[in-house]
Amino acid sequence: MSSVDGVALLPETAEELDRYYGNPPLGVRANMIATLDGAAAFAGRTKAVTDPADQVLLTHLRSHADVVLVGSATVAAERYGPVRLAAELRERRLAAGQAELPRLAIVTARGALSPELRVFSGDIRPLVVTTEWTARERPELADIADVVTAGAEQIDAAAIITALSGLGLARVLCEGGPYLLSSLVDADLVEEMCLTVAPFLTGPQPTTPQAPSAMTTPTRLTLRHVLQRNDLLYLRYARP
């Protein structure tokens, strides 16, 4: 593998990417981006701080997941569409006994999802993960998605993963946003973190307010590899 300054380049083909990312954990693998000063987006979107190579990696990580888990605010801000994969990746999934495409699961406590969002335009209905209260109060959600409940009046992170596992969706790829990721971290559910460090300074970027963590000690992960391309760093951390 070629390298620059001693750090291997992020591969460009599926076969080469599998050398680094082809063994996803059972449970939650998170894929996030952060700028040098710690922002997860610029002006509400990641478009300004990502690049095509990072998007190729995102698609590759999706190809190994049973389900892509994402918060409703991120779906709206990033203008999510249906999950799509190249024919090569779909065929590989079928050969491995997986569904042709991963499911998309949207987490929303209030259920405020417009049917006009692009994410609802595909052939495969997304999952909407919400509370029992919201599922009762907003029965119209069932018209656009398969509704999964995870908590009575508040979203319970552990209940999300339990519910998805019960549907046969054990390999979860969390794509954020930061609020959803924090809830999974707080519940000690993140098995692996794939972090792209983007070479930008963005200044303060507003995020959803959150209560302080209930964790008493930080969870330590082990560095699996460091890759780079176009000045972006690609870090993979996992539980020891």
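Reader: If buried means under 20% relative accessible area, exposed over 50%, and partly exposed in between (1.4 Å probe, protein chains only), which of these classes does N230 belong to?

Author: This is a predicted model, in which local features need pLDDT of at least 70 and side-chain atom pairs count only at pLDDT 80 or more, while totals for chains, interfaces and linings use all residues. Residues are numbered from 1 along each chain as its sequence is written, and side-chain values use heavy atoms, with hydrogens and water left out. N230 lies in the loop between β10 and β11 (232–238), where helices (H or I, at least four residues) and strands (E, at least two) are DSSP runs numbered from the N terminus. With a relative accessible area of 53%, N230 counts as exposed.

Reader: What is the phi of N230, and what is the phi of D188?

Author: Most residues other than glycine have a negative phi, and most peptide bonds are trans. N230 is not a glycine, yet its phi is positive, at about 55°. D188 sits in the loop between α7 and β9 and is partly exposed, at 41% relative accessibility. D188 is likewise not a glycine and has a positive phi, with a value of about 60°.

Reader: Which residue makes a polar contact with the side chain of H60 through its own side chain?

Author: H60 is placed in helix α2 (residues 52–63) and counts as buried at 3% relative accessibility. Taking contact as heavy atoms within 4.5 Å, and not counting residues up to four places away in sequence, H60 touches A14, L17, D18, Y21, L89 and R92. A polar contact is a pair of N or O atoms within 3.5 Å, of which, within protein, one must be able to donate a hydrogen and the other to accept it, and residues adjacent in sequence count only if both atoms are side-chain atoms. At 2.8 Å, the side chain of H60 makes such a contact with the side chain of D18.

Reader: How far apart are the C-alpha atoms of A53 and Q228?

Author: A53 is in helix α2 and is buried, with a relative accessible area of 15%. Leaving aside neighbours within four places in sequence, A53 is in contact with L10, R229 and Y234. Along the chain, A53 and Q228 are 175 residues apart, and their C-alpha atoms are separated by 9.8 Å.

Reader: Which element gives the most to the lining of the largest cavity?

Author: On a 1 Å grid over the protein atoms alone, a cavity is a set of points where a 1.4 Å probe fits but cannot get out, a pocket is an open set with protein on both sides within 12 Å along at least five of seven lines, and lining residues have an atom within 4 Å of a point. The largest cavity is lined by P24, P25, G27, R29, L61, H64, A65, R171, V172 and L173. The elements that give two or more residues to this lining are β3 (27–35) and β8 (171–174). The greatest contribution, 3 residues, comes from β8.

Reader: What is the volume of the second largest pocket?

Author: The second largest pocket is lined by 13 residues, of which P82, V83, L101, D123 and I124 lie nearest its centre. Its lining has 8 nonpolar, 1 polar and 4 charged residues, where Ala, Val, Leu, Ile, Met, Phe, Trp, Tyr, Cys and Pro count as nonpolar, Asp, Glu, Lys and Arg as charged, and the others, Gly among them, as polar. Grid points are joined across faces, edges and corners, and a volume is the space filled by probe spheres set on the points. For the second largest pocket this volume is about 210 Å³.
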